[in-house]
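Colleague: Hello! Could you walk me through this model, one question at a time?

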Amino acid sequence: MMTPRVLGVLLLSRLLLWASGMEYSSNKQEQARRQPEQPRNVCLGLINKGQYESFHLENTASCFTKCTQSGNEGCNLENLQRYWLEFEHHLLESQSGIVNMSFLKAAVQNVSTNISEDLFFSLTPSQVPGQVTEDEREHPDRVRLPRSLFESLQSNRSEVLLAITVLDISPGNLFKGPQLSLEDGSRVLNNRLVGLSLGGIPVSRLAEPLEITFSHQHLPSNMALSCVFWDVTKGSAGDWSSTGCSTELRAKRTVCRCDHLTFFALLLKPILDRATVQFLVRISQAGCGASMIFLAFTIVLYAVLRFYRQRFKSEDAPKIHVALSMSLFLLNLAFFVSVGHGPEQSDATCWVQGAVFHYFLLCTFTWMGLEAFHLYLLVIKVFNTYFGHYFLKLSLVGWGLPALIVFGTGSADSYGLYTIRDKRNATTLELCWFREKATASALYTTVHGYFLVTFLFGAVVLGLVAWKIFTLPSATAGKGQGPTWKGVFTVLGLSSLVGVTWWLAILTPLGRSTIYVFAVFNSLQGVFIFGWFTTLYFPSRSARASSSGTGRADQVHTMSHE
């Protein structure tokens, strides 16, 4: 039996234990409060996944502007795009009637499969989509769903839920895809997507296509509109595709006809009209023909000099010039063949022509880069530049590296018929090149990226050479204008070797006039090379003394021996 004293001690001990437990718990809570909150990045597409309340929609929509073209740090485009693509499934499952937000207009309604006429719904950006009559002209943006679409579902159900979504994606990176993010001037018209879904039923290959009408103002003459849909099977994050869709251009609106239901948009992309393309082709053919003649003269002249001048055989500079001339000659020849014989050929023949044209284009870029490398060793580095079998090693790079790239590109089945279309989506030119369905990364990596590397290297070397020429003591010793003009002429001659005429391609997005300038000067590169070659190896005695830094055999021998 417990005495009152023992009972009091037990109660006191329990009170102390309870108090210490409360203090420990409060300390833990205080520590938890003091710990910094982990950052929550909505634009990774995980925090709001599957949540479509108004707060979550607005929160996720902030990523439209955060994930801009300038950079995608902290953005997961694939997750974000999937979020909006699954929004329509949420609408159908929850049977939500109307969603009216500044960036999102959506509506869900029951539609009878036993209808007697086509259905029309407005797509006005400022209004929630709603059913309208066919003759209502105040709705230039609308969609027509053919009666046959609903009739095909009568055997399974009498009614079906229809979800229509109009989404403003803003000028960020979402729903742009590789072909838009890599092409200058291309964009989604008005940054607007239209989504259509029918009871969660996959609808494709409709006998009678649906029609979506997009209104717009007059467009620039060098831009074309194309009806597309978002294809989730393209790449890891999806891309735009025009398969199953046709485009009809009108004065201030464009009608898209597609044989399936999904998210649609109207793409605005730069184009060339038929007259411009044909004129550019004629200019290029005339210039390439003249270049081929003078490039052949250059090769023949080298053979004659090699026969009559014994020391000429050991010089590397003329060999590099001739290798560049040969690659340019073969590139121009491949251009003539490809432009002259395009659409009527078999797929295999066109594949081969595209691969050959790509190969000689890369060879030309490579040899221009090697010209810049040789120029750097000859004029900038000068000392300690001995290489055994120098030209042989350059040839392995100049002819071998492009072959490896073409082999890898051809293994991915990237070559085929390439079509240029005008603003009415009519074909203006067909040639064998990268096929239209080839991955954009193959074209932009092996052509644009490769050109950019050689362009930057050649520009740096040419700039250093020009600086050295114009800062030589002989050029600043008060000898008048003679040496200065000779220096200008030398830089212009060297610029033809490192491909300055190709650099004009960077200016072509500025307008049609720059395209003409590029076509004229670039097609005449062979003429410029011939002029430099003859000036370099048939100079007057005084010119020979002043230009010895670029052509004399004794300087070349200080650099390399075979």
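**A tour of the fold**

Modeller: Gladly: the secondary structure of the chain comes to 19 helices and 16 strands, where helices (H or I, at least four residues) and strands (E, at least two) are DSSP runs numbered from the N terminus. This is a predicted model, in which local features need pLDDT of at least 70 and side-chain atom pairs count only at pLDDT 80 or more, while totals for chains, interfaces and linings use all residues. Residues are numbered from 1 along each chain as its sequence is written, and side-chain values use heavy atoms, with hydrogens and water left out.

Colleague: What percentage of the 562 residues of the chain count as buried?

Modeller: Buried means under 20% relative accessible area, exposed over 50% and partly exposed in between (1.4 Å probe, protein chains only). Of the 562 residues, the share that counts as buried is 45%.

Colleague: Are the axes of α8 and α16 roughly parallel or roughly antiparallel?

Modeller: Two packed helices are described by the angle between their axes and the distance between the axes. Axes are lines fitted to C-alpha atoms, for helices over the stretch in contact, with angles from 0 to 180 degrees between N-to-C directions. Those of helix α8 (residues 274-308) and helix α16 (residues 525-537) come within 7 Å and cross at roughly 25 degrees. Angles under 35 degrees count as roughly parallel, over 145 as roughly antiparallel, 65 to 115 as roughly perpendicular and the rest as oblique, so α8 and α16 are roughly parallel.

Colleague: Which residues does Asn79 touch, not counting residues up to four places away in sequence?

Modeller: Asn79 is found in helix α4 (residues 77-85) and is buried, with a relative accessible area of 16%. Contact means heavy atoms within 4.5 Å. With residues up to four places away in sequence left out, Asn79 touches Leu44, Gly45 and Leu46.
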